[in-house]
Amino acid sequence: MTDLRPIGLLAELTHRCPLGCPYCSNPLDLVRAGQELDTKTWTRVFAEAAELGALHVHLSGGEPLVRKDIAELVNAAHLAGLYTNLITSAVGLTAQSLTELRAAGLEHVQISIQGVDTARADAVAHHKGAAKAKREAAKLVVEEGLALTVNAVIHRGNIADVAAIIDLAEGWGAGRLEVAHVQYHGWAIANRASLMPAREDFLAAAKIVEDARKRLEGTLVIDHVIPDYYAERPKACMGGWGRQVIVVAPDGRALPCHAAATLPGLAFDNVREKPLGEIWTNSEAFQKFRGTEWMPKPCQGCERAEIDWGGCRCQAFALTGNPATTDPVCALSPDHQKMREMATADAASTNGTYRFRRIGG
Ligand code: SF4
Ligand code: SF4
């Protein structure tokens with residue numbers, strides 16, 4: 001049992017996407033269209049999330065705009081009382097669809113970008129015309145009076161463009177910019193040697209972000225997600241396991257984080273079979289790493305145990321094979337040095353080819 005209440009629902013409406021970003025956080029084993037939840041089930045899930053205490057829903061994917069019922073889903077979330085945020089590649093967003101979505105109750109749009117150079121951005125997105133579509137969509141979002149966040153995923157191929165990315169977001173009229181270094185889950189692990197920047201390049205980019213934060217205070221909020229592999233302490237992944245966020249995958253599995261399905265030996269309940277509230281409170285998966293009791297040394301008794309909650313379970317598993325060990329991002333972890341060496345070796349790699357994300361691997 002738990003008294004905790006989720007703040008947000010991450011609704012992965014589909015894994016279909018016209019883009020093929022090599023750092024996509026979706027799993028390698030993508031859910032097929034035929035396995036996706038229908039409108040009625042999502043409508044129930046939104047109502048259950050709101051009843052459970054969630055304040056907002058992130059309508060995500062894949063690309064949520066490929067769902068023909070996207071306006072209906074936005075409206076269902078809105079009527080449930082959730083603040084609605086569309087997380088989109090913007091490919092397929094037209095003036096007409098945006099007007100419909102706004103009328104349905106959409107409040108916020110987050111557009112991801114691959115960079116500032118059109119040709120290079122399209123190459124990373126694996127989609128010709130993506131950069132142009134994003135530019136045009138951002139203009140429409142601002143004209144519609146909706147809040148706009150730009151999300152820029154940073155890696156070796158675009159880290160030199162961080163200053164230009166900040167200028168671009170400001171020029172587009174965004175209220176918020178996420179400068180988010182690649183997090184190594186899903187497809188990003190498969191492409192780590194092609195994506196990892198050098199530590200000195202990360203430090204130079206971080207300085208640019210910090211300076212811009214001060215310069216643009218009051219105009220543009222800049223969130224900075226640093227690369228775990230160069231950190232000394234982990235982030236509280238998802239605000240702590242089973243503490244703040246529920247992820248519902250396209251096929252209805254309820255997960256404590258979007259990568260949790262990669263962990264072995266965990267059974268995930270499905271919203272097709274159980275109410276969200278019951279899953280949140282009682283399911284084995286949500287309880288497994290909730291709180292501090294599961295923690296090994298050095299987390300057990302650490303002063304940061306209730307700050308970072310031991311870091312990311314999926315990263316611990318990906319790097320050590322053990323999901324119940326301290327996240328190697330932490331300098332107190334016995335695996336930290338090994339992780340640093342991996343990052344240094346990947347950053348020195350001359351591999352510049354990507355395995356692009358697509359259904360079927
Ligand atoms: S990261 Fe790229 S490929 Fe993955 S869902 Fe977003 S736009 Fe699509
Ligand atoms: S030892 Fe564990 S709780 Fe302490 S800082 Fe490191 S990851 Fe966080």
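Met238 is placed in the loop between E7 and strand E8 (245-248), where helices (H or I, at least four residues) and strands (E, at least two) are DSSP runs numbered from the N terminus. Met238 has a positive phi of about 55 degrees although it is not a glycine, and with 25 C-beta neighbours inside 10 Å it counts as buried; a residue is termed buried if 20 or more other C-beta atoms, placed from the backbone, lie within 10 Å of its own, exposed if 12 or fewer, and partly exposed in between. The model is a predicted one, in which local features need pLDDT of at least 70 and side-chain atom pairs count only at pLDDT 80 or more, while totals for chains, interfaces and linings use all residues. Residues are numbered from 1 along each chain as its sequence is written, and chains are lettered from A and ligands numbered from 1 in the order in which they are written.

A positive phi of about 55 degrees is also found at Trp309, again although this residue is not a glycine. Trp309 lies in the loop between H12 and helix H13 (313-320), and it counts as buried, with 26 C-beta neighbours inside 10 Å. Within H13, the residues Arg313, Cys314, Gln315, Ala316 and Leu319 are buried, and the buried residues of this helix pack against helix H14 (336-348), a contact between two residues being taken as C-beta atoms, placed from the backbone, that lie within 7 Å. After H13 comes Gly321, whose phi is positive, near 85 degrees.

The strands of the model include an open sheet of nine, in the order E7-E6-E5-E4-E3-E2-E1-E8-E9 and with mixed pairing, where two strands pair if DSSP finds at least two bridges between them. Strand E7 (221-225) and strand E9 (254-255) stand at the edges with a single partner strand each, so that one side of each is left without a neighbour in the sheet. Strand E5 (residues 147-154) and E6 run parallel and are joined by six bridges, with Val150 standing opposite Leu177 in E6. In a regular strand the side chains alternate between the two faces of the sheet.

Helix H2 (residues 70-79) lies across E2 and strand E3 (83-88) and runs at about 170 degrees to E2; axes are lines fitted to C-alpha atoms, for helices over the stretch in contact, and angles run from 0 to 180 degrees between N-to-C directions. In the loop between E2 and H2 lies Gly62, and the peptide bond leading from Gly61 to Gly62 is cis, with omega near 5 degrees.

Both Gly61 and Gly62 belong to the surroundings of ligand 1, which also include Cys17, Cys21, Cys24 and Arg357, a residue being counted as near a molecule if its C-beta atom, placed from the backbone, lies within 6 Å of it. The shell around ligand 1 divides into four nonpolar, six polar and two charged residues, where Ala, Val, Leu, Ile, Met, Phe, Trp, Tyr, Cys and Pro count as nonpolar, Asp, Glu, Lys and Arg as charged, and the others, Gly among them, as polar. Around ligand 2 there are 14 residues, of which Cys299, Cys302, Arg304, Asp308 and Cys330 come nearest, and this shell divides into seven nonpolar, three polar and four charged residues. A further cis peptide bond, with omega near 0 degrees, leads from Lys297 to Pro298, and Pro298 is found in the loop between helix H11 (284-288) and helix H12 (305-308).

Among the helix pairs, helix H4 (residues 118-125) and helix H5 (residues 130-143) pack at an angle of about 105 degrees, with their axes 7 Å apart. H4 and H5 are therefore roughly perpendicular to each other, on a scale where angles under 35 degrees count as roughly parallel, over 145 as roughly antiparallel, 65 to 115 as roughly perpendicular and the rest as oblique. Their contact is made by Thr118, Ala121, Asp122 and Ala125 of H4 together with Ala130, Ala131 and Lys132 of H5, a set that divides into four nonpolar, one polar and two charged residues.
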